[in-house]
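Reader: I am new to this structure and would like to be taken through it with some care. Could we look at it together, one question after another?

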Amino acid sequence: KRTGAAEPLSGAEFTKVIMLAMSGRGDEVPIGAQGQVINFELGALTSEILSATARYRQGSSYCPPKSCSTAFQRYTGAIMMGRTRLSTIVCLSPAPQNGLE
């Protein structure tokens, strides 16, 4: 098990880590893969924002994913449906080189 590995994961290893994160067992994500998981979630969130915007412009309602999504994606999905308000999302990265996150 690569608990302290700093190098990025690839292929099947990364898929397993994403599945762990989606199942709510994020505490089992190796340190080296945490940045990849964060970037995966940000990419998925960006995709959902674009989808919600396109639906809004077409005059139809947005329906967020109910499966194969993380708790964060489901939370922000409710925001994009207009059922709740978002005041702040704070991301604090412990790594000094990830300041743009």
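The questions and answers below go from the whole chain to single residues.

Reader: Which elements make up the protein chain, and in what order do they run from the N terminus on?

Author: This is a predicted model, and what follows should be read with that in mind. The protein chain has 3 helices and 0 strands. Read from the N terminus on, the order of the elements is therefore α-α-α.

Reader: What percentage of the residues of the protein chain count as buried?

Author: A residue counts as buried when its relative accessible area is under 20%. Applied to the 101 residues of the protein chain, that cut-off gives a buried share of 26%.

Reader: Is V17 buried or exposed, and which residues is V17 in contact with beyond its neighbours within four places in sequence?

Author: V17 is found in helix 1, and with a relative accessible area of 4% V17 is buried. Leaving aside neighbours within four places in sequence, V17 is in contact with L9, V29, P30, A33 and V37.

Reader: Which residues does V37 touch, not counting those up to four places away in sequence?

Author: V37 is one of the residues of the largest nonpolar core. When residues up to four places away in sequence are not counted, V37 touches F14, V17, I18, A21 and V29.

Reader: How are helix 2 and helix 3 oriented to each other, and what is the handedness of their crossing?

Author: Two packed helices are described by the angle between their axes and the distance between the axes. For helix 2 (residues 34-58) and helix 3 (residues 71-80), the angle is about 20 degrees and the axes are 11 Å apart. Angles under 35 degrees count as roughly parallel, so helix 2 and helix 3 are roughly parallel to each other. Their crossing is right-handed.

Reader: Which residues make the contact of helix 2 with helix 3, and how many of them are nonpolar, polar and charged?

Author: Helix 2 brings E41, A44, L45, E48, I49 and A52 to the contact, while helix 3 brings F72, Q73, T76 and M80. Sorted by class, the contact has 6 nonpolar, 2 polar and 2 charged residues.

Reader: Why does E41 count as buried, and which residues does E41 touch?

Author: E41 lies in helix 2, and because its relative accessibility is 18%, E41 counts as buried. Not counting residues up to four places away in sequence, E41 touches T70, F72 and Q73.

Reader: Which residues of helix 3 are buried, and which helix do they pack against?

Author: The buried residues of helix 3 are Q73, T76, G77, A78 and I79. These buried residues of helix 3 pack against helix 2.

Conventions
Residues numbered from 1 in each chain as written. Predicted model: local features only at pLDDT ≥ 70, side-chain atom pairs only at ≥ 80, totals over all residues. Heavy atoms only, no water. Axes fitted to C-alpha atoms, helices over the stretch in contact; angles between N-to-C directions. Helix = DSSP H or I, 4+ residues; strand = E, 2+ residues; numbered from the N terminus. Parallel < 35°, antiparallel > 145°, perpendicular 65-115°, else oblique. Left-handed = near helix turned anticlockwise from the far one by under 90°. Contact = heavy atoms within 4.5 Å. Nonpolar A, V, L, I, M, F, W, Y, C, P; charged D, E, K, R; others polar. Core = buried A, V, L, I, M, F, W, Y, C linked by side-chain atoms within 4.5 Å. Buried < 20%, exposed > 50% of the residue type's maximum accessible area, 1.4 Å probe, protein only.
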